[in-house]
Amino acid sequence: MINLTRVTSTNVSVTRNRDDGPVVEKDYILRDIWVNPEFIFLLEEDAALTTQHKSKPLKEGLDSRIGFSKVHIADKGHSRQLSVVGHPNLILNKITENNE
């Protein structure tokens with residue numbers, strides 16, 4: 001098992017702006033999770049979350065240089081996608097270290 005930090009969000013408010021469209025403010029929650037790396041079948045950068053974090057940090061005190069990844073996990077014949085803290089290379093290193 002490997003330890004990852006999952007990123008989830010909740011909509012806090014939606015403000016209507018006639019010129020630019022609606023503005024959605026989100027609150028982000030970071031949680032430690034444990035994942036069996038044998039069920040990970042795809043790992044990719046979460047470019048949208050990384051870009052958003054660089055323009056406005058998701059959580060106060062979180063380094064703006066941090067990247068985010070999408071981890072795709074096989075789950076009983078289906079797949080689940082989780083956003084996690086860390087660039088895909090960092091997550092891959094955790095998976096590799098776990099296999100040693």
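Predicted model: local features only at pLDDT ≥ 70, side-chain atom pairs only at ≥ 80, totals over all residues.

Trainee: Okay, how many helices and strands are in the protein?

Mentor: Two helices and five strands. From the N terminus the order is β-β-β-α-β-β-α. Those are DSSP runs numbered from the N terminus: helices are H or I with at least four residues, strands are E with at least two.

Trainee: And what box do the C-alpha atoms fill?

Mentor: Roughly 55 × 30 × 20 Å, taken along the principal axes. The accessible surface is about 7100 Å², and 47% of that belongs to carbon and sulfur atoms; areas come from the Shrake-Rupley method with a 1.4 Å probe, and for residues only the protein chains shown count as cover.

Trainee: How much of the protein counts as buried?

Mentor: 28% of the 100 residues. Buried is under 20% relative accessible area, exposed is over 50%, and partly exposed is in between (1.4 Å probe, protein chains only).

Trainee: Now the helix. Which residues of α1 are buried?

Mentor: Leu49, Thr50 and His53. They sit on the same side of α1, because they cover an arc of only 100 degrees around the axis. That arc is taken from the directions from the helix axis to the C-beta atoms.

Trainee: Why do residues three or four places apart point the same way?

Mentor: An α-helix has 3.6 residues a turn, so residues three or four places apart end up pointing the same way.

Trainee: What does the face turned away from the buried side of α1 carry?

Mentor: The exposed residues Ala48, Thr51, Lys54 and Ser55. The buried residues of α1, meanwhile, pack against β1 (2-15), β2 (23-35), β3 (40-45), β4 (68-75) and β5 (78-85).

Trainee: Back to His53: what is it in contact with?

Mentor: Leaving aside neighbours within four places in sequence, His53 contacts Leu58, Leu62, Asp63, Ser64, Ile66 and Phe68. Contact here means heavy atoms within 4.5 Å. A polar atom of the His53 side chain also lies 3.1 Å from the backbone nitrogen of Leu58, and the relative accessible area of His53 is 0%.

Trainee: There's another histidine, His72. Which side chain does His72 make a polar contact with?

Mentor: That of Glu44, at 2.8 Å. A polar contact is a pair of N or O atoms within 3.5 Å; within protein, one must be able to donate a hydrogen and the other to accept it, and residues adjacent in sequence count only if both atoms are side-chain atoms. His72 is in strand β4 and is buried, with a relative accessible area of 11%.

Trainee: Last one, Thr8. Where does Thr8 lie?

Mentor: In strand β1. Thr8 is partly exposed, with a relative accessible area of 22%, and touches Asp27, Tyr28, Ile29 and Arg31, not counting residues up to four places away in sequence.

Terms used
Residues numbered from 1 in each chain as written. Heavy atoms only, no water.
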